[in-house]
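Biologist: I would like to learn how to read a model like this one, feature by feature. Could you give me the general idea each time and then the case at hand?

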Amino acid sequence: MKQLIAIAVREWKVFFQTPFAMVVLTLYLVLAGTYFYASFDRYLTLANPSEATTRVAGLNVTIHLLIPFLRDLMSVFVFIIPLITMRSFAEEKKLGTYDLLVSYPVRPAVILMGKYLGSVTLVFGLLGLSLVYCSVIVWKGEPFLPQIGSVYLGYTLFLLFYVASGIVVSLFTENQIVSALVTYAVVFCAVVFAWLAHVSPAPWDRFFAHFLFLAHLESFRNGLIFTGDIAAYVTTTVAILLVGWLKIRRHFSS
Amino acid sequence: MKVPPGSITGLIGQNGAGKSTLLKILAGFLVPETGRSGGAGGSGDDGEVFVDGLSYRKEPMAVRSRIGYMPETPLLYREMKVVEYLDFVGKLKRLNKEKRASECERLIRDCGLGQIYHKLIGSLSKGNRQRVALAQALLGEPRVLLLDEPTSALDPAQAIEIRRIIQGQKGKPPGGGGAVLMSSHVLSEISAVCDRVIFISSGEIRFEGSIDSFKGKSLESLFA
């Protein structure tokens, strides 16, 4: 456990000691703030219709303000996470420190999970910052909290999957840019799976639909928690981490 | 090959002979596919590495906890301070807090890190980074010390200082039985530090014995 925490803490230190951290944090806060402002402005327009428009029936802060804001916020995470995970193992390999890391008496799972924990907590910290916007709405309005909770559950599962993808991809390359681009591809290949799900006959359509990583979030946004959606993220995350573990384990057995 | 306990053995050969590859195998970074090797009283079977009598395949963690490895170039976390880095390595080597503190104190003294202890590794000179790399290898008093070209690219004064530290490891850890295996392609360096020598060429051992008997060999006979 001490080894795992030591590796995770080093990840945080490295992140915050570089100007890159300031760039990522600034980018996140500017985009999150802009999206919140845009969602709020859109909500006010709907709440105060002009002569040309009619008042939206059943207008509420959950569906017409927070959910659109959180949907936009996900695009920020899709963009930022590969930038955080790209240096995880790729930089160690490029600098050669990876050779030393695997020469210490640290189990492959601890090396992988230490890096994973470091990046996941950073990303959850960013997700936690978005609660500031939600708490303003909770303070001033009456959002439907279970639905907001459902969105955050979905986002947590998605981020666990996405960070795992980024970390494991960085294990296969020394180039940080390649690492980030391949991680983007992991999410954007959902487009290919969407096409495959559309054109494939049953039961393959349902099989390919399993890999629509962003589409699974829609149920959570609607306040619907399906076991299938949770299983899709959990099984894929575990499978990806298993690939990473096998990759590191190659140094430990012939 | 065999590296006897209590010895400082030099691994010599021309560039590309396989010295670094062999040390990476012994350090656990590379896994051998064929051949055999052992260290500090170990013996080997095909494709297996034994260090201190323990099999890498069967007990990879136990073997790693007995090894200190210093790679050819001091590949360290540049954004960490020396003190932070040694503490980090101590945690990875499963040392408790008291042991980490006492080890850091010993290594500051033995490796001459007093002036640079609180400096960022990235700001250190190559010689000082080499000292830090050696210190992380010595941390936890490993029974087998693997040093890959420990004085390469250092000026003569720095090289002498590093050699002094390596020679100070003879008979360590307390209780004896430890072994040092260092690679170099410079015979004078091996002669200055080691009491045994292994000469390899194209991945094969061409000579194994005392440094005195090696000096009597002609290069032609070694490469033949």
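This is a predicted model: local features need pLDDT of at least 70, side-chain atom pairs count only at pLDDT 80 or more; totals for chains, interfaces and linings use all residues.

Biologist: Which strands does S1(B) pair with, and in what sense?

Modeller: Strands of a sheet pair through backbone hydrogen bonds, either parallel or antiparallel. The criterion here is at least two bridges found by DSSP between two strands. S1(B) is joined to strand S7 (residues 179–184) of chain B over 5 bridges in the parallel sense, and to strand S8 (residues 196–201) of chain B by 4 bridges, also parallel. B:Gly10 faces B:Val197 in S8(B).

Biologist: What is the strand order of the whole sheet?

Modeller: In chain B, an open sheet of 6 strands runs S5-S6-S7-S1-S8-S9, with mixed pairing. Strand S5 (67–70) and strand S9 (204–210) are the edge strands, each pairing on one side only. The average twist is 15 degrees from one strand to the next; axes are lines fitted to C-alpha atoms, for helices over the stretch in contact, and angles run from 0 to 180 degrees between N-to-C directions.

Biologist: Which helix lies across those strands?

Modeller: Helix H1 (residues 19–27) of chain B lies across S1, S5, S6, S7 and S8, at about 150 degrees to S6(B).

Biologist: How is chain B divided into domains?

Modeller: The bounds come from an automatic or database domain assignment. It gives domain 1 (1–66 + 142–224) and domain 2 (76–141). Two residues are in contact if their C-beta atoms, placed from the backbone, lie within 7 Å; here the contact takes 14 residues from domain 1 and 12 residues from domain 2. On the domain 1 side, H6(B) gives the most, with 4 residues.

Biologist: Now chain A. What is its secondary structure?

Modeller: Chain A comes to 13 helices and 0 strands. Its C-alpha atoms fill a box of roughly 75 × 50 × 30 Å along the principal axes, and 37% of its 254 residues count as buried.

Biologist: How many residues of each chain meet at the interface?

Modeller: 22 residues of chain A are in contact with 25 residues of chain B. Helix H1 (2–16) and helix H5 (97–103) of chain A each supply at least two residues of the chain A side.

Biologist: Where is the largest nonpolar core, and which residues have the most contacts inside it?

Modeller: In soluble globular proteins, nonpolar side chains tend to be buried together. A nonpolar core is a set of buried Ala, Val, Leu, Ile, Met, Phe, Trp, Tyr and Cys residues joined through C-beta atoms within 7 Å. The largest one has 121 residues, and those with the most contacts inside it include A:Tyr116, A:Ala164, B:Val51 and B:Leu146. Helix H8 (residues 145–170) of chain A contributes the largest share, 14 residues. Leaving aside neighbours within four places in sequence, A:Ala164 is in contact with A:Tyr116, A:Thr237, A:Ile240 and A:Leu241.

Biologist: For contrast, why does A:Phe208 count as partly exposed?

Modeller: A:Phe208 is partly exposed because 19 other C-beta atoms lie within 10 Å. This residue sits in helix H11 (residues 204–209) of chain A. Beyond its neighbours within four places in sequence, A:Phe208 is in contact with A:Phe193, A:Leu196, A:Ala197 and A:Ser200.

Note on methods. Residues are numbered from 1 along each chain as its sequence is written. Chains are lettered from A and ligands numbered from 1 in the order in which they are written. A residue is buried if 20 or more other C-beta atoms lie within 10 Å of its own, exposed if 12 or fewer, and partly exposed in between; C-beta atoms are placed from the backbone.
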